[in-house]
Amino acid sequence: MKIIVAGCGKVGKTIVEQLSAEGHEIAIIDHNLDVLNDMANMYDVMGVAGNAASLSVQKEAGVETADLLIAVTDSDEINMLCCLVAKKAGNCKTIARVRNPIYHSEIGFIKEELGLSMAINPEQAAAREISRILRSPNAINIESFARGRIELTEFIIPEGNMLDGMSVIDVKKKVQSDLLICAVERGNDVFIPNGSFKLKSNDIVNFVASPQDGRNFFKAIGLESQKIENVMIIGGGTISYYLTRILRMLGMKVKVIEKNKERCEKMAELDATVICGDATNQELLIEEGVKNVDAFVSLTGFDEANIFFSLTARELNGNAKLVTKSNHVSLVSMIGKLNLGTMIYPKYMTAESIIRYVRAMQNGMGSNVETLYKIIKNKVEALEIIIKEDAPVKDTKIVDLPIKDGILIAAISRRNEIIYPNGQTEFKVGDRVVVITKESGITDIKDILDI
C-alpha cells in the first residue's frame, strides 16, 4: 500500500518504523530537513519538506495515488486540515491524531464532517490502559479482546510462588482456574510455551482469561491484593488529565503534583487534589503522603524523570503499585531490573491501532483483524481475528489444520462463551479467535496456515 505519514515526531517515527517493516511504500512530510534525511536513510522512505496541510506539498508526496494519509503532527488542527485536504485531493483514507481534551466530546462529529477513517488519541488510550492496570494491581499489563470478554494479562512470578517449577499443563489443574498461558519472557528469551514448559520465579508470564477468571487465578496463586483507592500522579499533562477524570469516575482519590502553574490550573478543573510543586523534592512527596498511597504513576514528558520518580516512590512505599511512562521501548532492556512496575508506551499504542487498520485495508475482506497488540517488547503479536463465512478454517478441527510453528490459538469467544481450544475444537463463523505469534504481518486467519 502507498501511505503518507505527515509529522515525524516520536509517534510519526514509530509508525514509519512499523509500517516500513511490513513492506509498505511510504512517503513522509515534515518541516525538519535533518529529520527527513535521517528517516529516509534509515527506513528507505521518500521525504518531502514543507507544511503537511499544503495541497502542493501533499501532491509532491503522492496524495493523488495514495491509499492512506496518517496525520500525526504536533497540532490537532493541522492534522484535521491535512486529512481534509487529502480527502479532497486524492480521496484516500485518512487518520488524524486528535489529542486535545476539548475535542473529546466532539470527535464523532469531527470524524463524520471531515470524513476521517479514524481519529486517534494516544494520551486517552494510555489513560484507559493505566486505569485497567490500577483495577488489577497484580498485573503489569492488561489488553482486552472480544469487547472485553477476554483479557491478555501480564504479570511476574514472585520468588517462592507456587508456580515456580510448575509445568504449564499442571497450572490449570492445580489452581482450578480457566485460563491459558500463552507467552513467557525469561531474561532475553521469549517462549510460546507448550504443556511441558516449566515456569520459574521472575518469569514474565502472559495469560488469556475472562476478567473474572483472571481475578480467580491471582487469588488461587496467593496474589490477591487490596483494591486501589488512593493514587498519586506526577505530571499534569494530557495523559494525567484523562487519567484523573477516569479514576475519579471510578471513585478513586487522586492527587496530582505538577510544577507548571498553567497546567495546575487546567488540572484543577477536575475533582482532584492538585499540588503545584516540584516532585524531585522528596520532602514534598513525603508531606503529600507518598508513603500511604496505593498507586504511584509517573507521567512527565521525560523518561529519566519518570524513572527517578518511580524509584523514589518504591523506596518510600514498597507496597504501592507503580506505573511508569516511557517514550522509548528500547530502554526496557536497560532498566528492566529496576522494578519500575508497569511501563506505558503511548506512541506504540498509536502504532498498534494504525497497523491494525492498515492490515484490514490490505485484506480487502474487511476488518478480519479486529484487535492487535504488540507485547513483550514488541517481540510477540496478540491478535483477535473474526472468522468469516468464506474462511478456509471454518468447521474444521484445529488438529486437522496445518498451523505454522510458533503460532498459538489461545482462546475463542463464541457468543457468550469463552473456549480454551484443544485439537478437537472447530472454528465457527462469527468466532473471535485470539492468536499469539512471533510472526508479524498476519492480516487474516488463513495467514496462520502453512500452505
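In this predicted model, the side chain of Ser413 makes a polar contact with the side chain of Arg149, at 3.3 Å. Ser413 sits in strand S20, which covers residues 407-414, and because its relative accessible area is 2%, Ser413 counts as buried. Once neighbours within four places in sequence are set aside, the residues in contact with Ser413 are Ala146, Arg149, Ile150, Gly430, Asp431 and Arg432.

Strand S20 belongs to an open sheet of five strands, ordered S18-S19-S22-S20-S21 and paired in the antiparallel sense. At the edges of this sheet stand strand S18 (369-375) and strand S21 (417-419), each of which has a single partner strand, so one side of each is left without a neighbour in the sheet. From one strand to the next, the twist averages 15 degrees. Within the sheet, strand S19 (residues 380-386) is joined to strand S22 (residues 432-437) by six bridges in an antiparallel arrangement, and Glu384 is found opposite Val434 in S22.

A further open sheet of five strands has the order S7-S8-S11-S9-S10, again with antiparallel pairing. Here the edge positions are held by strand S7 (141-145) and strand S10 (189-191), and since each has a single partner strand, one side of each is left without a neighbour in the sheet. The twist in this sheet averages 15 degrees from one strand to the next. Strand S9 (residues 180-186) and strand S11 (residues 204-209) run antiparallel and are joined by five bridges, with Glu185 placed opposite Ile204 in S11. Helix H8 (residues 211-220) packs on this sheet, where the helix touches strand S8 (150-156) as well as S11, and the direction of H8 makes about 135 degrees with that of S11.

How do aromatic rings take part in the packing of helix H8 on the strands? The model holds 11 aromatic pairs, and one of them joins Phe155 and Phe218, whose ring centres are 5.3 Å apart and whose planes stand at 90 degrees, so the pair is edge-to-face. Because Phe155 lies in strand S8 and Phe218 in helix H8, this pair ties together parts that are 63 residues apart in sequence. Phe155 is buried, with a relative accessible area of 1%, and Phe218 is buried too, with a value of 4%. Another edge-to-face pair is formed by Phe207 and Phe217, with 4.9 Å from centre to centre and 65 degrees between the planes; Phe207 lies in strand S11 and Phe217 in helix H8, 10 residues apart. Both Phe207 and Phe217 are buried, and ring pairs link Phe155, Phe207, Phe217 and Phe218 into a cluster.

The nonpolar cores complete the picture. In the largest nonpolar core, which has 44 residues, those that touch the most other members are Val5, Ile15, Leu19, Ile28, Ile70 and Phe427. Helix H14 (residues 346-363) supplies the largest share of this core, namely five residues. Leaving aside neighbours within four places in sequence, Phe427 is in contact with a set of residues that includes Ile387, Val393, Ile398, Leu401, Ile409, Ile412 and Val433. Apart from this core lies another, of 39 residues, which has Met166, Ala183, Val184 and Ala209 among its members.

Note on methods: Residues are numbered from 1 along each chain as its sequence is written. This is a predicted model: local features need pLDDT of at least 70, side-chain atom pairs count only at pLDDT 80 or more; totals for chains, interfaces and linings use all residues. Side-chain values use heavy atoms; hydrogens and water are left out. Helices (H or I, at least four residues) and strands (E, at least two) are DSSP runs, numbered from the N terminus. Buried means under 20% relative accessible area, exposed over 50%, partly exposed in between (1.4 Å probe, protein chains only). A polar contact is a pair of N or O atoms within 3.5 Å; within protein, one must be able to donate a hydrogen and the other to accept it, and residues adjacent in sequence count only if both atoms are side-chain atoms. Contact means heavy atoms within 4.5 Å. Two strands pair if DSSP finds at least two bridges between them. Axes are lines fitted to C-alpha atoms, for helices over the stretch in contact, and angles run from 0 to 180 degrees between N-to-C directions. A nonpolar core is a set of buried Ala, Val, Leu, Ile, Met, Phe, Trp, Tyr and Cys residues joined through side-chain atoms within 4.5 Å. Rings of Phe, Tyr and Trp (its six-membered ring) pair if their centres lie within 6.5 Å; planes under 30 degrees apart count as stacked, over 60 as edge-to-face and the rest as tilted.
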